[in-house]
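Please brief me on this model, topic by topic.

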Amino acid sequence: MVKTLVPLLVTVAIVLSLASCLFVLSAFPPTLSQVLARADLSAVIPAGTGSQYQVYIVTPTGGEFVILLNTNGSMDPAAVIMDSNLHLIQTYTLAQYGTWGITSGSTLMTDATGNVALRDHYFTASDLITVNQPPSGGLGTATLSGPGFSSPSAVKNDIDFQMVGGNAFAYGEWPSWGLQTFLSPNIQVNGAGGNYNVVAVYNVDDTPAAGEVVLVLNDMGSSSNMYFVAIPLVDVLSNGMASPLFSNYPYTTLTNIESSSVGFAGDSLVAYSYNSNSLVRYSVKPPFNQISSLFMGNNSGKNNGYLEYAYKITGGYSVVYDQVARKLTKVANWW
Amino acid sequence: MTTLVERVTPVNPFPTRTAVFASILVLFALPAHGQQQDAGAKTQCAVFTLQDFSTGTENRDYEQPITASVSAAFEVGGYSVIPPEKWSSEAQKRGLDTRALLTESAALSVAQAVGAALAVTGYFTVVDESIYISLQCWDVAAGALAGGLQQTARFNIAFYSSLHDRVAEMLPKIRLTQSPALIGAGGAPVKRVPTLSNLTFVSPDEGMEVFLVDRTRIGAISDGKLVWKTGGLVLGSVFSVEKRKRGFDPSQETVRVASEVRLSRLVSEQKRALEVDWALGQLLGLGAALRVYTRPDTTFFFIGNYLFAQPPLNAAGNPVFHYDMNLGVGAYLFFPPDSVVRFGVSTGAGAILSYLTGPASSSYTDLYLDVFNWWLETRVLGPVIFLRQEWKFTTGGGSSLLGTGWIMIGNVPPVTLGVMFRW
């Protein structure tokens, strides 16, 4: 009896799993059924300039926003502020920046007290919600320039990184922007076995002192190799990071990954793989094992090369920005 | 009936040149004068001119070389072929032309007058690059069919050689009732070949006309049957007929000679059809299409639609509904309507309307060109079942979800399984 039942059950399981795959297969992207909101910004962002914008999901105290920031810093709109349902609240112009004393805006960071910094000034949630509201204050000392990476944990914003001259600088716990601490040029990413771009930095633990930071690097040049490097947060905060990174910290190499798709979604790291035409979830801990994947097919709608992904770091959803069509789509996480 | 596949040189477009060349081959096939046996020991044989029943007159030139080829085979096989001048003058005396000699009575009468024990009649038809030839060998003394052959072959220069071989194979099977003194190498008078002079076709298709493959009309089914005076067909041999009836698809059928031959039913012409479809990539849905034929069972216009749902991946998602509408034209190729398997192609255009439910409720339209579809269908399981591959190219646009490109399910174009109901 058991001998008969086992193969039967296995067969049924295989057939059902295959059938479920077939039913999900479609010419349309599978995430279409996860869409929560869409916004057409083609009337806000001039045609041909969509690639100059970077999408962020920020959660300052009292609000949740989706911001498109012009990383070029020399054209309008300098920033597009939307609520979490992609309703347009306002756009910032270079003229407004000038009035407010902001030299120009190409860097966005968040701090522990729930503010959002654009270059050298910070905004509260109230500032972002209120149309034409000036920033609440300036950053005091150093101005933020170059690509910056905020890596708030699930409970608070506790670490930021900034690239300057090919080196990455880490900012530690900030009670406010006026008490920022430079931890010296302690992440040597160039000349240590290769030249790399910092793609992202994620503080993946809610207990910062004992937790780890995942530094995401990719090769400079045409290679689409990507690296996840796990670094103890205490090394970052104590200015004790060892160099070169790959000799001192566990890491994994991923091939053929779209760097604009990488995100930290609270419980996993996510990236689009050209090898499998899939969105792939990875564990946040070394060796960063693959957890699951979603086949997007050849008709994911657009070439992924001009799609940018931003994940809400406490989980729930992501926002996909189409640089060509200048459209935003809010998508519920598929797992 | 044998179908030869060998092909050396196409017959057309140089029929005359081929005929001359064939005549030369036939001359070489005849035995050398010194090698001939004594005519007195051989069976006398009259080979009447094989008649061209083809449409038109362009194949008339082949009557002589084909007849010569048959005569040569009889000569080589041990018969003495009576010179044509001898039997033609005898036919003229009787007021018979060469075509009249096809009838059993005329052939036997002339053959007997010239002293032949065996009379050979026959005809051929040429259609495109194929030839059908039918030979009858009459036992003059018995007044009955002693043998025969039918053959369909490619009509090229190799045909003459193959015809010679087939006749040579037939000769040992000929049995004559003539006295032994007049029988040579042709065989012994021991057994007559059973033949049938009347054949009855039986069919439920009242009024259906029956033709030979050379388009000679046999008659029409009346009261469920058609009696055909065959002039003598060898029992058990096979031949083909074409069946026609207004409102039905023409059909060819190969039958075996028997006193009663039951013909299969004709398939009525289909002028409308309804498809019910199920497509890979759209499995949570169902489609239907209406076909209107401009030529029954051959060419058609179609209008189709398909409604399918895209399920959410988890509780956070919401179903998406897609409605695919298309129209176009299609045609069947290569196989006739009564084939077990048929092949067809179609082309057209369409649009997929998509409706997102939930908080992002909105609708979108993807226009596409149905660039090329092909399908196979079969009736082997009863209803018509088809499998179709579709190459669709989306044109993009402002309200498009798919952008511009080929529609693919995974890495393959959509494949549709369907059932068709026709009337």
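## A loop threonine in chain B

B:Thr357 touches B:Asn318, B:Pro319 and B:Phe321, leaving aside residues up to four places away in sequence. Contact here means heavy atoms within 4.5 Å. This is a predicted model: local features need pLDDT of at least 70, side-chain atom pairs count only at pLDDT 80 or more, and totals for chains, interfaces and linings use all residues. Residues are numbered from 1 along each chain as its sequence is written, chains are lettered from A and ligands numbered from 1 in the order written, and side-chain values use heavy atoms, with hydrogens and water left out.

**More on B:Thr357**

- B:Thr357 lies in the loop between strand E19 (341–356) and strand E20 (362–378) of chain B. Helices (H or I, at least four residues) and strands (E, at least two) are DSSP runs, numbered from the N terminus.
- B:Thr357 is buried, at a relative accessible area of 18%. Buried means under 20% relative accessible area, exposed over 50%, and partly exposed in between (1.4 Å probe, protein chains only).
- Its side chain reaches the backbone oxygen of B:Pro319 at 2.5 Å.

**Interface of chains A and B**

- Chain A and chain B bury about 2,500 Å² between them, with 59% of it on carbon and sulfur atoms. Buried area is the accessible area (1.4 Å probe) that two parts lose on being put together, summed over both.
- Helix H1 (2–24), strand E1 (35–40), strand E20 (290–295) and strand E23 (327–332) of chain A each supply at least two residues of the side that touches chain B.
- E1(A) gives the most to that side, with four residues.
- The contact takes 27 residues from chain A and 32 residues from chain B.
- There are 10 residue pairs in polar contact between chain A and chain B, both residues at pLDDT 80 or more. A polar contact is a pair of N or O atoms within 3.5 Å; within protein, one must be able to donate a hydrogen and the other to accept it, and residues adjacent in sequence count only if both atoms are side-chain atoms.
- The count of salt bridges between chain A and chain B is zero.

**Salt bridges**

- Over all chains the count is 20 salt bridges. A salt bridge is a side-chain nitrogen of Lys or Arg within 4 Å of a carboxyl oxygen of Asp or Glu.
- B:Arg265 pairs with B:Asp205 in a salt bridge, the closest N and O atoms being 4.0 Å apart. B:Arg265 sits in the loop between strands E14 (260–262) and E15 (272–279) of chain B, and B:Asp205 in the loop between strands E8 (195–202) and E9 (209–212), so the pair ties together parts that are 60 residues apart in sequence.
- B:Arg265 is exposed at 59%, whereas B:Asp205 is buried at 2%.
- B:Arg217 forms a salt bridge with B:Glu209, with closest N and O atoms 2.7 Å apart. B:Arg217 is partly exposed at 46%, and B:Glu209 is partly exposed at 29%.
- B:Glu275, B:Asp277, B:Arg291, B:Asp324, B:Arg388, B:Glu390 and B:Lys392 are linked in a network of salt bridges.

- B:Phe421 is placed in strand E23 (residues 415–422) of chain B, and is partly exposed at 45%.
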